[in-house]
Amino acid sequence: MPGTDSRRSLISRRQLISGCKGLFMLCILAGSMLLVPVASAQSGLAAVTVTPGAGGAQTYSVSIQILLLMTVLSLLPAALIMMTSFTRVIIVLAILRQALGTAQTPSNQILIGLSLFLSLFIMAPVFETAYDNGLKPYLDEQMEAEQALENAAAPFRRFMLDQTRQADLLMFTRISGRDSLPSRDEVPFSLLLPSFVTSELKTAFQIGFLIFLPFLVIDLVVASVLMAMGMMMLSPMIISLPFKLMLFVLVDGWSLIMGTLASSFYM
């Protein structure tokens with residue numbers, strides 16, 4: 001129906017705009033976290049400084065803040081990956097490919113692209129909250145940069161704390177030389193970020209282990225049958241691959257994997 005098609009088109013455009021806003025917000029937030037001293041010292045960054053000299057001469061020098069910003073840009077991709085659900089998603093998909101035994105199918109480019117857009121879907125509520133509470137008031141000149149940064153960082157902090165295990169947080173607290181932390185809301189990003197990444201790695205491997213088990217059973221059964229038939233020269237991987245693909249397709253594996261990954265962040 002024309003009305004249904006137009007509504008679907010409108011929803012897809014809204015989702016695309018929301019994702020772009022979220023990605024833009026995350027880039028600004030990650031860069032701002034690494035440039036907090038600069039942002040708190042002044043509201044803008046001067047690209048070139050002009051110094052008057054004797055006889056009307058002028059000396060031009062590049063501002064040190066710009067050099068710091070260019071240095072931060074090289075670390076921005078790592079910050080974007082480590083602060084979102086991307087780590088868990090890409091590890092689970094890589095383990096799934098290994099369990100299926102399909103070598104390079106799907107390719108690395110497909111897995112990374114799928115992980116990126118699934119991460120945008122998972123992080124959409126966080127992006128929208130950060131945009132509404134931090135970036136939008138700042139762009140509308142209704143809020144100072146420092147306060148906007150705090151408001152934008154709050155949903156990311158809440159998301160990362162919800163996914164961080166208490167044991168990992170306590171471990172990095174001891175390593176840093178602190179006896180304890182007053183509360184979870186006062187955890188600095190220098191402790192929260194490694195704790196969050198460690199918890200994500202542990203969760204990803206737990207999910208990957210559960211995914212690997214049924215395919216491992218198929219490999220064991222096929223290897224046992226081949227050995228019983230005396231066909232030890234035939235690789236079990238060649239025989240088990242069609243059965244694993246058939247099982248994965250029959251149970252609608254991709255939908256189960258994507259749904260499980262998305263729901264694991266908000267259960």
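Predicted model: local features only at pLDDT ≥ 70, side-chain atom pairs only at ≥ 80, totals over all residues.
Residues are numbered from 1 along each chain as its sequence is written, and side-chain values use heavy atoms, with hydrogens and water left out.

Trainee: How many helices does the chain have?

Mentor: Helices (H or I, at least four residues) and strands (E, at least two) are DSSP runs, numbered from the N terminus. Along the sequence the pattern reads α-α-β-β-α-α-α-α-α-α-α-α-α. The chain has two strands, and its helices number 11.

Trainee: What percentage of the 267 residues in the chain is buried?

Mentor: Buried means under 20% relative accessible area, exposed over 50%, and partly exposed in between (1.4 Å probe, protein chains only). Of the 267 residues in the chain, the buried share is 34%.

Trainee: On which side or sides of H11 do its buried residues lie?

Mentor: In helix H11 (residues 253-263), the buried residues are Gly253, Ile257, Met258, Leu261 and Ala262. The arc is that of the directions from the helix axis to the C-beta atoms. Because these residues cover an arc of only 155° around the axis, they are on the same side of H11.

Trainee: Which helices do the buried residues of H11 pack against?

Mentor: Contact means heavy atoms within 4.5 Å. The partners of the buried residues of H11 are helix H4 (86-100), helix H5 (108-122), H9 and H10.

Trainee: Which exposed residues does H8 carry on the face turned away from its buried side?

Mentor: Helix H8 (residues 166-175) has the buried residues Asp168, Leu169, Phe172 and Thr173. They span an arc of only 140° around the axis, which puts them on the same side of H8. What covers these buried residues includes H9. The face turned away from that buried side carries Ala167, Arg174 and Ile175.

Trainee: Which residue forms a polar contact with the side chain of Gln163?

Mentor: Gln163 is found in helix H7 (residues 145-163) and is buried, with a relative accessible area of 11%. Leaving aside neighbours within four places in sequence, Gln163 is in contact with residues including Phe196, Ser199 and Phe265. A polar contact is a pair of N or O atoms within 3.5 Å; within protein, one must be able to donate a hydrogen and the other to accept it, and residues adjacent in sequence count only if both atoms are side-chain atoms. At 3.2 Å, the side chain of Gln163 is joined in this way to that of Arg88.

Trainee: Over the face of which residue does Arg88 lie?

Mentor: A charge sits over a ring if NZ of Lys or CZ of Arg is within 6 Å of the ring centre and within 35 degrees of the ring normal. One aromatic cluster is formed by Phe159, Phe196 and Phe265. At 3.9 Å from the ring centre, Arg88 lies over the face of Phe265.

Trainee: How many residues apart are Phe215 and Phe248?

Mentor: Rings of Phe, Tyr and Trp (its six-membered ring) pair if their centres lie within 6.5 Å; planes under 30 degrees apart count as stacked, over 60 as edge-to-face and the rest as tilted. By this rule there are five aromatic pairs; one of them, Phe215 with Phe248, is tilted, at 6.3 Å centre to centre and 50° between the planes. This pair links distant parts of the chain, with Phe215 in helix H9 (residues 189-228) and Phe248 in helix H10 (residues 236-250), and the number of residues apart is 33.
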